[in-house]
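Open your viewer and get the selection tool ready. We'll go stop by stop, and at each one I'll tell you what to pick and what you'll find.

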Amino acid sequence: MRSTGAHIYCEGGPKDLCTNYRPISLLLRINKIFEKLLYNRLCTYLEQNRMLSSHQYDFRRGLYTPLAIHDMQENILKNLEKDFNACTIFFDLSKAFDNIDYDVLLWKLDICFGIRCLPFKLLATYLQRQQQYAIIDGCTSYTLNITQGAHQGSSLGPLLFALYINDLPLIKN
């Protein structure tokens with residue numbers, strides 16, 4: 001798969017700082033169709049095998065942020081009723097999509113989720129053979145290989161991010 005280009009999108013803050021911009025993938029139509037098929041197959045596999053954490057609410061059918069808030073509130077109230085301490089930790093995951101390490105993600109897909117053989121090869125190729133360039137004011141940058149991050153503007157990117165952070169609730173002291 002190959003990106004046909006990228007729109008540069010400002011996330012906020014001063015427009016003259018490069019760090020406030022991120023690319024959004026523009027995929028060919030055939031790539032979008034392939035990606036959507038891959039997404040649907042992967043979701044079905046994950047749901048049928050109950051592989052996503054019960055604490056994972058984003059990027060899943062029928063689950064959304066208000067449910068996460070409700071569950072958090074219920075857990076706090078249960079702990080307070082038992083005279084336990086209650087604590088909540090919030091992570092700021094801004095620009096987190098941009099920092100997904102492909103080697104770690106591929107390791108998790110193989111070891112944690114059992115995605116092997118052809119499906120694994122498809123996902124590895126999807127991740128490792130992406131390229132990007134930018135067009136700003138009619139000037140085109142060099143083409144570079146994308147070496148990390150979930151592809152912004154893709155349907156598969158958010159799911160891969162969810163898989164990447166799926167084990168966060170398992171972290172203990």
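**Stop 1: the whole chain**

Keep in mind as you click around that this is a predicted model. Starting at the N terminus, the order is β-β-α-α-α-α-β-β-β-β-α. Now colour by accessibility: 29% of the 173 residues count as buried. As for contacts with a sequence separation of 6 or more, 58% of them link residues 24 or more positions apart.

**Stop 2: the nonpolar core**

Next, select Leu-42, Leu-109, Leu-156, Leu-160 and Leu-163 and show their side chains. The largest nonpolar core has 28 residues, and these five leucines touch the most other members. Which helices each supply at least two residues of this core? They are H1, H3 (102-111), H4 (117-128) and H5 (156-164). H5 provides the largest share, with 6 residues.

Stay with Leu-109 for a moment. If you skip the neighbours within four places in sequence, Leu-109 is in contact with Gly-114, Ile-115, Leu-123 and Leu-163.

Then pick Asn-40, over in helix H1. Asn-40 counts as partly exposed, because its relative accessibility is 31% and that class covers values between 20% and 50%.

**Stop 3: the largest pocket**

Which helix gives the most to the lining? Select residues 65-81: that's helix H2, which contributes 8 residues. Colour the lining by class and you get 17 nonpolar, 8 polar and 2 charged residues.

**Stop 4: Gln-56**

Now go to Gln-56, in the loop between helix H1 (29-48) and H2. Is this glutamine buried or exposed? Gln-56 is buried, because its relative accessible area is 7%, and the limit for buried is under 20%.

The Gln-56 side chain reaches the backbone oxygen of Ala-162 at 3.2 Å. Leaving out residues up to four places away in sequence, Gln-56 touches Leu-63, Ala-162, Ile-165 and Asn-166.

**Stop 5: two residues with positive phi**

Select Arg-50, in the loop between H1 and H2. Arg-50 isn't a glycine, yet its phi is positive, about 45°. With a relative accessibility of 76%, Arg-50 counts as exposed.

Finish at Cys-117, in helix H4. What is the phi of Cys-117? It is positive, about 55°, although Cys-117 is not a glycine. Cys-117 is exposed, because its relative accessible area is 61% and the exposed class starts over 50%.

Terms used: Residues are numbered from 1 along each chain as its sequence is written. This is a predicted model: local features need pLDDT of at least 70, side-chain atom pairs count only at pLDDT 80 or more; totals for chains, interfaces and linings use all residues. Side-chain values use heavy atoms; hydrogens and water are left out. Helices (H or I, at least four residues) and strands (E, at least two) are DSSP runs, numbered from the N terminus. Ala, Val, Leu, Ile, Met, Phe, Trp, Tyr, Cys and Pro count as nonpolar, Asp, Glu, Lys and Arg as charged, and the others, Gly among them, as polar. Buried means under 20% relative accessible area, exposed over 50%, partly exposed in between (1.4 Å probe, protein chains only). A polar contact is a pair of N or O atoms within 3.5 Å; within protein, one must be able to donate a hydrogen and the other to accept it, and residues adjacent in sequence count only if both atoms are side-chain atoms. Contact means heavy atoms within 4.5 Å. A nonpolar core is a set of buried Ala, Val, Leu, Ile, Met, Phe, Trp, Tyr and Cys residues joined through side-chain atoms within 4.5 Å.
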